[in-house]
Amino acid sequence: MTSGPAFLGYARADGTVGTRNHVLVVPTVICSAVVAERIAAAIAPVGAALPHLAGCGQIGPDLTVTHETLAAYARHPNVGAVVVVALGCEQVVAQQIADAARHAGRPAHIVSIQGEGGTLRATARGIEIARELAASLDSVERSWCPASSLVLSVKCGGSDYTSGLASNPAVGRLADTLVDLGGAVVLGEIAEIMGAEHLLAARASTPATGAQLLRVISRVEAEAMALGVDIRGTQPSPGNIRGGLTTIEEKSLGATHKAGERTRLEDVVGYAAPIAKRGLTVMDTPGLDVESVTGMVGGGAQIVVFTTGLGTPTGNPIAPVIKVTGNSRTAQTMADNIDVDVSGILTTGESFDVAARRLFTEMLEVASGRPTAAERLGHREFAIYRRNPTI
Amino acid sequence: MITAIVVHDGDNVATALEPIEAGQTVSAGPARLTAIDAIPRGHKIALRDIAAGAAVVKYGSPIGTASSPIAAGAHVHTHNVASARGRGDLHVAPRSPDIGIP
């Protein structure tokens, strides 16, 4: 038992706490993705597959990122057991993924399509193993865990004018509250800090951390500029522009609110790299929603709070994604995708603090097992950040 | 009267919470002004004259520069505000040889 705000989570042997208890089915390569999905579907909803486009034809940093992202999911606190589905001739090493799970105290098995002798036999063998693992997870019970054990990913997508004025500042107050309690918050999407970096750098706990943030932002801006076109058109996106956002600076200033108003920036980490510090971490992820959420969950976030003005369905295979909108029309037109409506901030004068308290309650209830809209709808999007060509 | 939100004291634009028609009086923080353009919901209205090249300020920080003179009450958006960031179009990028795909 614990004092202070708590939720019913899965306390893991390695000291981490999960909000879900999935059997994770990991294809090492695109070629084994369909078999992995069929195995996971046989034990739905406890089964979660990670279909992806990578795992072969990659050299250098992208191959490392693929390996590390898959390994990060295999040892994630929301995962109770792992089945790795290999083809047999690919670059990604199945043993490395399985070892990551075992080192974190989770059972892991490998099924190889070439080794088993084809799709049908590999699928049947995988389902047999997955059912046994799912049965063994049935007996694991949730226990009270402190809110401080949460790593909260904050994210926005399909932004409009309400994001910066209502939902992001409300989520920022949630982030401040969680950090005050000793929890961790991760912010991604480097391109969407461009224009607001001075505010975050000023909150860096050390000059070195602030300098690191500025270096990562300069690198992403240089990569975009090397393409010889105006970033406007993707940042902000056509929908963002229709929604009233004029420049990336405006979008970023609104977006950065969701990382809190006073949290100190403690660390800047690479894509899907472990989030090792409490307080605020910035992760080097692209602005594409699914790649960004995939990376932050890989880093250890057990829950995601995702604001949207225009409405968007994005979920994640293993982490609950809570959708928050500050747009009263979107709350109605996309009601099946929205978990929390904070549009009252703009329409009826609800205060940021009252909205943040509702978000905090929602976060703990979802962390304790209540399904989100994305989970109910089966949204399990997963995509690994790629920066190099497929060779 | 129709309301536009001013986020920060130093801002020279406000955000329209409802569509505004040209000629309507708008309440923006302590200010009252007349819209000279139609402003769609969620878009911005200039609170005062902004000279070409001057910073457009929202959230207390620059969100870009005026690409033409903007009069108080005008619609402020991509047609009269330029971003200062990620402007690969303004820089000569090193081109890799374009070998194309046969």
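In this predicted model, chain A is divided into two domains, with domain 1 covering residues 22-138 and domain 2 covering residues 147-377. The C-alpha centres of domain 1 and domain 2 of chain A lie 29 Å apart, and the contact between them draws 14 residues from domain 1 of chain A and 10 residues from domain 2 of chain A.

On the domain 1 side of this contact in chain A, the elements that supply two or more residues are the strands β3 (22-27) and β4 (47-49) together with the helix α2 (61-74). Of these, α2(A) provides the largest share of the side that touches domain 2, namely 5 residues. When the residues on this side of domain 1 of chain A are sorted by class, 9 are nonpolar, 4 are polar and 1 is charged.

A further contact is the one between the chains, where 26 residues of chain A meet 25 residues of chain B. On the chain A side, two or more residues each come from the helices α6 (161-180), α8 (207-225) and α10 (248-256), and it is α10(A) that gives the most to the side touching chain B, with 4 residues. By class, the side of chain A that touches chain B contains 13 nonpolar, 7 polar and 6 charged residues.

To trace these two contacts in the structure, the reader may begin within chain A at α2(A), which gives 5 residues to the side of domain 1 that touches domain 2, and then turn to α10(A), which gives 4 residues to the side of chain A that touches chain B.

Conventions. Residues numbered from 1 in each chain as written. Chains lettered and ligands numbered in written order. Predicted model: local features only at pLDDT ≥ 70, side-chain atom pairs only at ≥ 80, totals over all residues. Domains from an automatic or database assignment. Contact = placed C-beta atoms within 7 Å. Nonpolar A, V, L, I, M, F, W, Y, C, P; charged D, E, K, R; others polar.
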